[in-house]
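Here are my notes on the model you sent over.

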Amino acid sequence: MGEFLTGLAQLAVVVLIAPLVTGFIKKIKAILQGRQGPRILQPYYDLYKYMRKDAVVSRESSWIFTATPYVVFGATLAAAALVPVIARDSLLSFTGDLVLLIYLFALARFFITMAGVDTGSSFGAQGASREMFVSSLAEPALFVTLLAAALPAGTTNLSMIADRAAERGWPTSPAFYMMLVAFAILVIAETGRIPVDNPDTHLELTMIHEGPLLEYSGKALALLQWSAQIKQVLLFALLADFCFPWGMAVSAEWPALPAGLAAFAVKMAAIGAFAAFVEMSTAKMRLFKFPRLLGAALVLSFFALTAEYLM
Amino acid sequence: MRLWLPGGALALFLAGACAALLFSGKARTAGRRLAYVCSAVACAALIATGAVGVSGETAAVARFRGALPFTEILLRVNDFSAFFLMIIGAVGLAATIYSAGYVKQYEGHKSVPLLTAGMLLFLAAMACVVMAGNVFTFLLAWEAMSVVSWLLATYEHERPGTQRAGFIYVVMTHIGTVFLTIAFFILRHYSGSFEFARMEQASLPPSAQSLVFVLALIGFGAKAGLVPLHIWLPRAHPVAPSHISALMSGVMLKTAVYGFLVFTLYFLQPGPLWWGLLVLAAGANTALFGVLHALGEADKKRMLAYSSIENMGILFMGIGAMLIFQAAGRPSAAAFALAAALVHAANHALFKGLLFMGAGAVLKAAGTSNMNLPGGLIRTMPWTALFMLAGALAMAAMPPFNGFVGEWLLFQSLFALGFEGPTTALRIAGALAVAALALVGALAAFLSVRLFAFTFLALPRSEQAKEAKEASLSMRVAMGLLAVGCLAAGLLPFVFAGSAQRVLERITGLAGAAPAFEVSPAAVGGGTSEIAPAAAALLILCGLAAAGLLTRLIGGRTRTVRGETWNCGEPLEPRMTYTAGGFSKPVRVAFQRLLMPHRVLYVDRDPRTPYFARGFTYASELPPLVENLLYKPAMNLLVAGARLFRGIQNGVVQSYLLYLLATLVLILVWRIWR
């Protein structure tokens with residue numbers, strides 16, 4: 001029962017903290033650019049505002065368009081139940097499988113892209129096409145990186161990987177750092193940040209993830225944005241689980257859990273600040289240059305694997 | 001288990017075919033109905049055989065003596081063939097129901113009884129292939145299957161291109177059969193018998209083993225559509241009537257998998273490592289080739305055929321991993337990889353059958369299988385759209401649909417190769433295979449969105465699409481059955497994975513290995529990881545409910561207004577919407593070194609001024625690279641070689657007689673010399 005409650009608490013933390021992480025990144029970015037920027041809690045106000053607004057739905061769209069935000073939120077929530085954040089166990093540790101996690105994200109993407117086409121809008125379909133394109137290129141690199149990350153544990157179960165990584169202590173092998181760089185590139189690509197995508201853009205022709213969301217309004221938009229924020233936290237958490245699993249609660253006990261929560265907050269802040277720094281210091285890439293960036297991630301993760309094998 | 005269930009099924013197929021052909025005049029419809037009933041009952045019997053046979057009783061055998069000693073018909077059913085009988089029965093049942101509605105469009109101008117009888121004979125031949133117990137029966141059934149499917153594929157022979165497609169199919173499949181025949185004769189040489197049971201006990205020297213292996217890989221690879229032996233598949237599958245396409249892609253390709261596995265698991269001892277590496281590489285190559293070409297394809301049915309090539313590639317990757325583990329002496333990991341291949345075989349049969357039937361329903365309603373033309377069909381064909389969505393989700397391996405279970409198992413066995421492969425080189429091969437499978441999986445999701453979204457969503461792009469009618473009841477029932485099957489097999493992996501597990505426990509050389517792969521009614525897994533798709537699905541549903549609840553609680557009640565799609569202030573017209581070709585364009589650009597797309601842009605300029613164009617013509621296509629680079633040179637070589645001998649073949653009877661005389665004299669001289 002304790003484990004179940006811990007799992008539920010982790011799920012709640014991820015869902016509730018997600019807008020804060022987005023607000024934090026925006027704030028750091030603003031500071032780095034010498035602006036004051038919006039308040040750190042602004043994403044919460046935005047979500048609240050969207051939820052209270054009436055929705056306008058395209059006449060050309062079908063039930064796919066209406067159902068998509070709910071399916072996306074559901075799949076993202078299921079993914080959130082798989083990833084250990086504060087404690088090493090998650091709600092679904094027994095099935096907490098990496099491949100399942102990636103395919104849950106893919107399920108969400110599947111519906112978002114369909115909704116993008118559904119309205120008949122060229123912007124939606126264009127964004128959908130690009131979204132699928134980027135994810136197709138990112139997927140092989142992502143899987144090889146995960147293979148490299150999961151190699152010491154020899155399993156694809158997330159809790160066991162975090163367990164094994166925590167025992168390892170401070171990593172010294174060059175393989176680890178190559179894997180880390182590849183992982184960071186992929187997290188940036190998957191969260192739709194510069195240089196792959198620009199989450200703040202409202203110029204239709206450059207949008208990737210925002211393209212299919214263009215026609216959404218009201219509660220549906222709130223759900224989709226919230227889902228994107230949760231996905232971002234989950235990817236950050238995945239990076240933390242594999243590379244810096246320190247401070248995670250091993251069992252559901254009193255002092256361990258708040259300590260795990262504090263460690264989680266520090267890790268999110270660090271990764272978020274890193275993402276803001278990258279976003280501030282690079283320009284967005286052309287679409288057809290992604291293959292090189294993601295190819296670099298793939299090659300790096302292969303090097304990491306080979307180094308791990310040979311050592 | 002006795003043989004009466006599958007044997008009865010065979011008899012019913014034949015009786016049904018006779019009924020469809022022999023009843024004429026007013027009784028014609030009755031005859032066809034009788035044929036459908038026979039077929040449906042027979043398919044149910046095949047499914048039952050799978051359920052009973054797989055639950056582990058001894059093999060059953062029936063013999064029918066022929067006129068010559070080697071023309072004995074020998075049928076047998078064991079667990080392994082029962083698994084494939086189940087696949088044949090499941091898709092066959094749906095195809096039978098579907099055809100009742102689908103063939104109506106042919107009434108009046110084509111012979112429907114021939115088509116119906118052909119379908120039944122096709123099913124019977126496929127069942128015979130997996131039930132064959134000796135070489136004669138196998139090759140007879142194999143040829144019957146090929147010939148009947150060729151006749152069915154060229155059913156609409158008056159359409160342009162159909163006869164040519166049929167010709168290429170029949171040539172390629174016979175090239176495959178030649179290799180198989182040679183392989184069988186080598187096995188006969190070492191076992192002293194044409195019976196499979198004796199061949200299983202034969203022991204071959206390593207060189208002969210490898211020779212038989214390569215022959216079997218080419219022979220069955222030609223049937224399975226392994227690149228570069230695939231050229232017939234994207235031609236022959238799309239031109240057939242849709243329920244036949246469903247059977248060809250969903251089921252017939254699996255008989256090649258069955259045959260190849262019979263060779264590798266039963267006839268041959270575990271071989272050297274390069275067998276597995278070869279099959280793994282061939283599978284990965286085939287999968288990537290298939291999915292990239294599917295993304296470039298504008299014809300819906302041909303796109304599905306390319307997707308079948310992709311899925312056969314994925315299947316052979318599983319078989320390759322199995323062979324590697326076998327060679328490395330890791331039977332439990334080999335069992336896991338084989339389970340991946342078997343489960344994926346069953347899953348692919350279900351969803352590809354469903355998608356071909358859906359494509360047929362759209363073809364019938366909208367009059368075109370061009371991906372760029374219909375659109376917006378979800379309003380006029382809501383049920384077809386729903387079932388196709390299930391098929392598309394399964395094809396994209398989305399949880400909780402069945403495609404995911406097979407893909408997960410394969411990922412697990414490739415990860416296992418990467419984690420604990422016996423040598424560093426093999427581990428790197430495992431990592432490469434993981435990357436290839438991930439790329440193929442992601443592109444397959446791209447493909448599924450493309451297939452569904454541009455058929456059913458957005459605005460209708462043709463007059464026919466606007467007035468399309470929903471598919472008839474029987475077609476909807478058939479698609480619905482398969483869609484439910486896709487979901488059920490995904491939620492409860494037990495459905496197929498359980499039968500696969502029991503097959504694994506009994507397969508030669510892998511005995512006692514099955515614990516690596518465990519199935520409970522809700523979960524599937526082994527080694528160190530497992531998945532519970534039903535739990536994930538439940539969680540998704542909870543998330544759905546939470547989404548509704550949270551937005552309502554936080555935001556309160558809001559209204560939904562219908563408005564126009566934002567189109568920069570202009571009214572939206574169908575021709576402004578994205579097309580399937582544009583949707584997958586980034587992939588064609590990124591992989592242009594591999595695909596070498598051919599583009600022609602012709603600008604019709606106004607002769608008076610260079611600044612204004614009167615019109616544009618743009619064409620883009622993927623050239624058939626394998627044909628151009630491999631088959632055409634080979635054909636030219638063959639023709640050039642034949643030209644060398646043209647001098648001998650001068651058409652004069654006297655000189656031919658002279659050749660005979662010369663040959664006779666030579667033989668006589670040779671005999672006397674000896």
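1. Where in chain B is the place of B:S307? It sits in helix α12, which spans residues 300–327 of that chain. Keep in mind as you read that this is a predicted model. B:S307 counts as buried because it has 27 C-beta neighbours inside 10 Å, and 20 or more is what it takes to be called buried. Leaving aside residues up to four places away in sequence, B:S307 touches B:G290, B:A294, B:M395 and B:L447.

2. Now chain B as a whole. I get 26 helices and 8 strands for its secondary structure. Its radius of gyration is 27 Å, close to the 26 Å that the globule rule gives for 674 residues, so chain B is as compact as a globular protein of that length. Along the principal axes, its C-alpha atoms fill a box of roughly 100 × 70 × 65 Å. Of the 674 residues in chain B, 56% are buried. If you take the contacts in chain B between residues at least 6 apart in sequence, 77% of them join residues at least 24 apart.

3. Next, the nonpolar core. The largest one has 367 residues, and the members that touch the most others are B:A127 and B:A339. Helix α13 of chain B (residues 331–366) supplies the largest share of this core, with 26 residues. Not counting residues up to four places away in sequence, B:A339 touches B:L409, B:A497, B:A500, B:Q501, B:L504 and B:F517. As background, nonpolar side chains tend to be buried together in soluble globular proteins.

4. How many residues does the contact take from chain A and from chain B? The numbers are 76 from chain A and 73 from chain B. Several elements of chain A each supply at least two residues to its side, among them α2 (42–52), β1 (55–58), α3 (63–82) and α11 (290–310). The largest share of that side, 15 residues, comes from α5(A). Sorted by class, the side of chain A that touches chain B has 46 nonpolar, 19 polar and 11 charged residues.

5. Have a look at the strands that pair across the two chains. β1(A) and strand β6 of chain B (residues 560–563) run in the parallel sense, over 4 bridges. Within this pairing, A:V57 stands opposite B:R562 in β6(B).

6. Some backbone details to check. Most residues other than glycine have a negative phi, and most peptide bonds are trans. A cis peptide bond joins B:V227 and B:P228, with omega about 5°, and B:P228 is in the loop between α8 (206–224) and α9 (233–239) of chain B. Another cis bond joins B:P399 and B:P400, where omega is also about 5°. B:P400 lies in the loop between α15 (382–395) and α16 (402–420) of chain B.

7. Two residues have a positive phi without being glycine: B:A458, with phi near 60°, and B:C568, with phi of about 60°. Are they buried or exposed? B:A458 is buried, because 31 other C-beta atoms lie within 10 Å. B:C568 counts as exposed, because it has 10 C-beta neighbours inside 10 Å. B:A458 is in the loop between α17 (424–456) and α18 (463–466) of chain B, and B:C568 is in the loop between β6 and α22 (580–583) of chain B.

Technical notes:
Residues are numbered from 1 along each chain as its sequence is written. Chains are lettered from A and ligands numbered from 1 in the order in which they are written. This is a predicted model: local features need pLDDT of at least 70, side-chain atom pairs count only at pLDDT 80 or more; totals for chains, interfaces and linings use all residues. A residue is buried if 20 or more other C-beta atoms lie within 10 Å of its own, exposed if 12 or fewer, and partly exposed in between; C-beta atoms are placed from the backbone. Two residues are in contact if their C-beta atoms, placed from the backbone, lie within 7 Å. The radius of gyration is taken over C-alpha atoms; the globule rule is 2.2 Å times the number of residues to the power 0.38. Ala, Val, Leu, Ile, Met, Phe, Trp, Tyr, Cys and Pro count as nonpolar, Asp, Glu, Lys and Arg as charged, and the others, Gly among them, as polar. Two strands pair if DSSP finds at least two bridges between them. A nonpolar core is a set of buried Ala, Val, Leu, Ile, Met, Phe, Trp, Tyr and Cys residues joined through C-beta atoms within 7 Å.
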